[in-house]
Protein chains: 2
Amino acid sequence: MAEKILIIGGVALGPKAASRCKRVAPDDEITMIDENTYISYGGCGMPYYVSGEVQNMDSLRSTNAGAIRDPEFFRKMKGVNVLTRTRAQKIDRAKKTVLVEELLSGEKREMPYDKLVIATGSRARVPEIPGVTLKGVLSLTRLEFAEEIRKACEGGKITEAVIVGGGFIGLEGAVALADMWGVQVTVIEMMDQILPGVLSPTLAKIAEHDCRSHKVKVHTSEKVVRLEGDGERVSKVVTDKGEFPAQLVLFAAGFIPNAALAADAGLKIAPFGGIETDEYLRTSDPDIYAGGDCAAIKNIITGKYGYLPLGSMANRQGRVIGSNLAGLNETFPGYVGTWALKLFSLSFCGTGLTAPQAKKAGFDAIGVCIEQLDRAHFYPEKEMMTLELVVDKSSRRVLGLQGACKDGDAIKARIDAVAGVLEYAKPTINDISNLEVAYAPPFASAMDAVNTVANVADNVVSGRFAAITGDEFMELWRNRKNNNVFFIDMRPPKASKKIEAEYPEWHAIPLEEVMDRLSEIPKDRPVALVCNSGLRAYEGLLLLNNQGFKDVVNSMGGMQAVTKMGLKP
Amino acid sequence: MAEKILIIGGVALGPKAASRCKRVAPDDEITMIDENTYISYGGCGMPYYVSGEVQNMDSLRSTNAGAIRDPEFFRKMKGVNVLTRTRAQKIDRAKKTVLVEELLSGEKREMPYDKLVIATGSRARVPEIPGVTLKGVLSLTRLEFAEEIRKACEGGKITEAVIVGGGFIGLEGAVALADMWGVQVTVIEMMDQILPGVLSPTLAKIAEHDCRSHKVKVHTSEKVVRLEGDGERVSKVVTDKGEFPAQLVLFAAGFIPNAALAADAGLKIAPFGGIETDEYLRTSDPDIYAGGDCAAIKNIITGKYGYLPLGSMANRQGRVIGSNLAGLNETFPGYVGTWALKLFSLSFCGTGLTAPQAKKAGFDAIGVCIEQLDRAHFYPEKEMMTLELVVDKSSRRVLGLQGACKDGDAIKARIDAVAGVLEYAKPTINDISNLEVAYAPPFASAMDAVNTVANVADNVVSGRFAAITGDEFMELWRNRKNNNVFFIDMRPPKASKKIEAEYPEWHAIPLEEVMDRLSEIPKDRPVALVCNSGLRAYEGLLLLNNQGFKDVVNSMGGMQAVTKMGLKP
């Protein structure tokens, strides 16, 4: 039976659901409304449009074949009726109607539905502080804003910009402005690290160093208190710690799901504001679906409602909703939290929980880091990769994996290999040790980095070695006057001797020499080991343990990790 | 309790097991014997040494830090005793001894063990035909051979080479010789495609075209019958179809597990010759372990014993055996069959079963192909990717995924994402549609290629469209005089009109025009559609089906796939 379907929101999930439904049930009558002018665009492409990497804005809203996805395209090619500049004001669930306002004419009318889809997206979280309405204060949430920023950059009007929030969009914006337009960018993040919730403090330090070494200033634990203007335009950002001149301020301090319409209609809303959905992506009203940035879905690892406003999530959910509108019975499994971010020299990628998140969720979690080449060490082209596996110590369950590499596809490969297993199985450390990933020397080491990080986690969790992170190692080193720690650099002498010459407390004892030089190492002091990547020092640690040294720690990721964080002895 | 452990074989699994065991149980007494001189080397690196990409052979047998892994290294750094040029002749399971011969002196003696590891590897399958003992007839199974080939290339002695077998090693050898040394390489493969068992006929055609367009001759369904010499050296290869001059012949027609020692000792051997192992990688004698190229392990998808002689498998298995030697109780899950291969322009990668393999294993299998960009279509750098998902039609279970892309890491990412799920879950099509892989425009489309291929498989299996492969489409086109098929190219006119001008039976009807030009399409003839990637023609097919056209097929992967196979209208 043909149904009347109304879709509120036409950016990502809405068009996907509409097109999929029409392909399966061509007789259904679908209307999609959106309050803005542009619909069906790749919102995630906005930073690349701002940077100029994407030259033409139309390519963000065109098909692969170059057709612009405007209302006429949807009418003709998809059989979907689209009304833009049309805002949904109220859902009447009893009558199954939506009151809409045509924004240009101000006219209001009721639209009936058999099935309704709420795809209202999200908006940038903007704090209620003075100055947020000044010109030049924007977010990267709408094509119109992206256009405005790009034009201002092209016109040379922006020499300094402040980005409020060090999450995905904030940092993508920072790269776009700094790398491509040479703008002096300052990122202000309220939390004590950038990418909170998606990176461990250690990996975040690597990301911060990548930003800083590309001239982006990163200020963490700092809060914007007001914006000041030069006439109508913003000219300065004032924080609780300082002042920053800025001709452009981007708010990227998180997103708020647009759930008011749903809440007013009495639909269940999750504590953080997203519309609660079940495995069929239905709201608490079975005739109303919700998905994308306005919805809350179950986190597969914690079992709790969570929020992952990504275009990929919206697209996949849109297809499931479209199928179900058409009478199929498809389910969406929830999410584990998989993401990717290209910064300057490094790309970052992750899935599942970070160690701090996992602890918050009640797990006895630890993050174990490695540095390993993404290819066979004898293969000419290769990059060092950082991986951090998050595991529950008592159950040995794997909860997440995050990492960084110069080669973005190489890090995506490792993360995605684990993402699927997190989504559909409850992997243990042993499962990831034996994860059967693709191997040949141009693609990986025979023991792939993703296997190695699980092997190291196995050793740590089994108590075979005491591990500290590179930043913890350097903290011990900084406090060496007080902590009585004995430091050993187990790398070949070429690397270690130079540091030893400057700091005699930095003992250059290569792994090969350690058994012959045991007498130099005090048995009554804690010992901290470091090498290039953590591997040699692990072997050294085992040798020392066998010789009766009791309090030896190894710095995970070795000097590779230390250097990536911008730290120095 | 410290145990006496004897390991037969010192290339990949042996050293790994020995090192791991010593790290966990340092008191164990380990001896590793090998009949050759070189031990613990990256055998998979040999093609890259032959090509010169790996400059120095020592880098194939050195650690990341540059230490050569010779017997002295194992003694000093790992506490493992190594005897090279020492061959195991007979295992006495009752006495728990192995009779060994020192090859240089001819001396024999018995070595006792508490636990034994058989890691005897494999050898190249060489047919019993005249001429195989001529000089210049080699395989890529030993460092000594790689050295000989490289020296001959450097000396300009090789202008023509024949490679017998179009599997991984054969093709890696072909790339090394053709790409780096300009040798005229001919690959002779007995089966009717290269990479049989790991690629579908369609993907194999793409691989063959990549070889041919880089001047490697590929002869399939052809059998070598004898080699002829010019004196001691090989000079010609004679097949059942022709003759090929060659100064070098490489046998790469598969590997035979070296299992005679185990068989003689009465251990269970799989039908194809590998030593049967259980989940702890024990043979039928619980005091004897086996792994790597000499062993048979369970295929997780078919449940039957199979064979996957890869360095990565040997390394992962080596760690499990090492753990178990040391008294831990670790399991190995079996294998799904994940691999990677870099050819010339393209890298290939796969996991699980191909459609022909799956049918042989009793599944009602079909392979569904797509062509999709590896990144957002608006992102400046991107490559077209081929993916083929293998599914069981009745159960909708996913059995495998293979693919190709210019960017090797990008294809590895898609394959590995599915590999882990195949290993630890029994994914359905819907699971892969919703596989939560990492997304941002520099890494993927919002609907990742791996999601799309599952979506297309869903549509095919649900009967929403009739799919043919690009080669099947071109076969219909070639036979158009007989089959009465009506051909429609749904691409934008720029691409299709040129072909139509030459062949009037090639009808250029862009998707946008199809509804206005229905009268041009006969209802009483089969219709075959093609577009650029398969997407537009799918929409066109749905439109035609809705208009009452009953017999319409769509060419999966469109002209992208056709062109990659080297086919032309």
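**Note on a predicted two-chain model**

1. Start with a sheet in chain A. It is open and has 5 strands, in the order 22-23-26-25-24, with antiparallel pairing. Strands and helices here are DSSP runs numbered from the N terminus (strands: E, at least two residues; helices: H or I, at least four). Two strands pair if DSSP finds at least two bridges between them. Strand 22 (339–342) and strand 24 (365–373) of chain A are at the edges; each has a single partner strand, so one side of each is left without a neighbour in the sheet. From one strand to the next, the twist averages 15°.

2. A word on the basis. This is a predicted model, in which local features need pLDDT of at least 70 and side-chain atom pairs count only at pLDDT 80 or more, while totals for chains, interfaces and linings use all residues. Residues are numbered from 1 along each chain as its sequence is written, and chains are lettered from A and ligands numbered from 1 in the order in which they are written.

3. Strand 24 of chain A pairs with strand 25 (residues 384–392) of chain A over 9 bridges, in the antiparallel sense. Within strand 25 of chain A, Val391(A) stands opposite Ile366(A). In a regular strand, side chains alternate between the two faces of the sheet.

4. What lies across the sheet strands? Helix 10 (residues 408–424) of chain A lies across strand 22, strand 23 (347–352), strand 25 and strand 26 (398–405) of chain A. Helix 10 runs at about 5° to strand 23 of chain A. Axes are lines fitted to C-alpha atoms, for helices over the stretch in contact; angles run from 0 to 180 degrees between N-to-C directions.

5. Helix 10 also matters for reading the contact between the chains. That contact takes 76 residues from chain A and 76 residues from chain B. Two residues are in contact if their C-beta atoms, placed from the backbone, lie within 7 Å. On the side of chain A that touches chain B, helix 10 of chain A gives the most, with 14 residues. Elements that each supply at least two residues there include helix 8 (311–325), helix 12 (449–461) and helix 16 (535–546) of chain A. By class, this side of chain A has 43 nonpolar, 18 polar and 15 charged residues. Ala, Val, Leu, Ile, Met, Phe, Trp, Tyr, Cys and Pro count as nonpolar; Asp, Glu, Lys and Arg as charged; the others, Gly among them, as polar.

6. How do the two copies of helix 10 pack? Helix 10 of chain A and helix 10 (residues 408–424) of chain B pack at an angle of about 20°, with axes 8 Å apart. They are therefore roughly parallel to each other. Angles under 35 degrees count as roughly parallel, over 145 as roughly antiparallel, 65 to 115 as roughly perpendicular and the rest as oblique. Their crossing is right-handed. A crossing is right-handed if the near helix is turned clockwise from the far one by less than a right angle, and left-handed if anticlockwise. Residues of helix 10 of chain A in this contact include Asp409(A), Ala413(A), Val421(A) and Tyr424(A). Among those from helix 10 of chain B are Asp409(B), Ala413(B), Val421(B) and Tyr424(B). The residues of this contact divide into 14 nonpolar, 2 polar and 6 charged.

7. A helix pair within chain A. Helix 1 (residues 13–24) and helix 8 of chain A pack at about 35°, with their axes 7 Å apart. Their crossing is right-handed. Leu13(A), Ala17(A) and Val24(A) are among the helix 1 residues in the contact, and Ala314(A), Ile321(A) and Leu325(A) among those of helix 8.

8. Domains of chain A. Chain A is divided into domain 1 (4–121 + 256–325), domain 2 (137–253), domain 3 (339–461) and domain 4 (466–564). These bounds come from an automatic or database domain assignment. The centres of domain 2 and domain 4 of chain A, taken over C-alpha atoms, are separated by 39 Å. Their contact takes 4 residues from domain 2 and 4 residues from domain 4 of chain A.

9. Hairpins in chain B. Strand 13 (residues 224–230) and strand 14 (residues 233–239) of chain B run antiparallel, joined by 6 bridges. They form a hairpin with 2 residues between them, and Gly231(B) in the turn has a positive phi of about 75°. Strand 4 (residues 86–92) and strand 5 (residues 97–102) of chain B also pair in the antiparallel sense, over 6 bridges. Their hairpin has 4 residues between the strands, with Lys96(B) in the turn at a positive phi of about 55°.
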